[in-house]
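Please look over the sequence and the model below before reading the report. The report goes through selected features of the fold in turn.

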Amino acid sequence: MHRRKHRIAQLTRPLDLVKHPLYREPADALRETLVELSRSSGFWKYAQAVGWIDAPVPADPSQINRCMFSFAYYYDVLKQCRDCQRDFIFYAKEQKYWFETLKLPLEADAVRCVGCRRRKRKQSQAHQRYSVLAGKASLGDQELEELAGLFLGLWNSGQRMSPQKLAAIYGRCRRQIPESDVAREAETLHREINCEKED
Ligand SMILES: [Zn+2]
């Protein structure tokens with residue numbers, strides 16, 4: 001009990017809520033109106049959670065994958081994004097959609113805000129496409145341009161990419177599409193990295 005009280009007390013800074021394109025935040029989405037959800041619901045997921053109880057969404061446990069217990073409502077839960085550290089709401093309606101429509105297991109949790117989730121999804125799509133192109137023995141001009149663009153995009157977004165691969169891509173661009181923007185960008189990046197090494 002003490003620990004949960006402490007959890008609310010820790011939330012002293014003002015909320016910096018990420019907007020969700022589909023769901024509206026509670027009318028009084030203030031820190032002062034947060035409650036410990038474990039007091040309002042028997043749902044084990046809410047044991048450590050704080051949120052708002054003004055817009056409960058009825059749960060239908062018969063629609064949930066391998067649900068061994070029953071609970072009556074979903075509530076809007078306050079979370080902090082793992083990536084950008086901003087506050088976001090894991091909306092009651094969103095939870096219902098995840099667990100009852102998408103049939104995600106109840107253990108699934110929203111750890112990133114909607115913006116960071118989208119960014120992460122785009123990055124993993126870019127990675128997949130990059131791997132496909134990188135695995136090809138020969139590439140047309142357009143494909144090579146796409147490969148270099150994907151590499152640079154992933155690099156610039158802070159993904160761990162190998163400088164040796166950059167050197168190889170730069171070499172291919174210089175031979176095959178020397179006039180392209182990506183060739184110039186790859187060259188600049190390649191030089192920057194090699195300067196850093198010499199320093
Ligand atoms: Zn975020």
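What follows describes a predicted model, beginning with a strand pair and ending with a pair of helices.

Strand 3, which covers residues 73–80, and strand 4, which covers residues 87–90, run antiparallel and are joined by four bridges. Within this pairing, lysine 79 has phenylalanine 88 of strand 4 standing opposite.

The two strands form a hairpin in which six residues lie between strand 3 and strand 4, and in the turn glutamine 85 takes a positive phi of about 70°.

## Nonpolar cores

The largest nonpolar core holds 19 residues, and the members with the most contacts inside this core are Leu37, Ala49, Val50, Tyr75, Val77, Leu78 and Ile89. Two or more residues are given to this core by each of strand 2 (50–58), strand 3 and strand 4, and strand 3 supplies the largest share, namely four residues. In general terms, nonpolar side chains tend to be buried together in soluble globular proteins.

Isoleucine 89, one of the residues with the most contacts inside the largest core, can also be described through its individual partners. When neighbours within four places in sequence are left aside, isoleucine 89 is in contact with Leu17, His20, Glu25, Asp76, Val77 and Leu78.

## Isoleucine 193 in helix 6

Helix 6 spans residues 181–198 and contains isoleucine 193. This residue has 13 other C-beta atoms within 10 Å and is therefore classed as partly exposed, since a residue would count as exposed with 12 or fewer and as buried with 20 or more.

Apart from neighbours within four places in sequence, the contacts of isoleucine 193 are Pro163 and Leu166. Proline 163 lies 30 residues away from isoleucine 193 along the chain, yet their C-alpha atoms are separated by 7.8 Å.

## Packing of helices 3 and 4

Helix 3 (residues 114–134) packs against helix 4 (residues 141–156) at an angle of about 140°, and the axes of the two helices are 9 Å apart. Helix 3 and helix 4 are therefore oblique to each other, because angles over 145 degrees would be needed for roughly antiparallel. Helix 3 passes helix 4 in a crossing that is left-handed.

On the side of helix 3, the contact is made by Gln123, Ala126, His127, Arg129, Tyr130, Leu133 and Ala134, while helix 4 contributes Glu143, Glu146, Leu147, Leu150, Phe151, Gly153 and Leu154.

Conventions:
Residues numbered from 1 in each chain as written. Predicted model: local features only at pLDDT ≥ 70, side-chain atom pairs only at ≥ 80, totals over all residues. Pairing = 2+ DSSP bridges. Core = buried A, V, L, I, M, F, W, Y, C linked by C-beta atoms within 7 Å. Contact = placed C-beta atoms within 7 Å. Axes fitted to C-alpha atoms, helices over the stretch in contact; angles between N-to-C directions. Parallel < 35°, antiparallel > 145°, perpendicular 65-115°, else oblique. Left-handed = near helix turned anticlockwise from the far one by under 90°.
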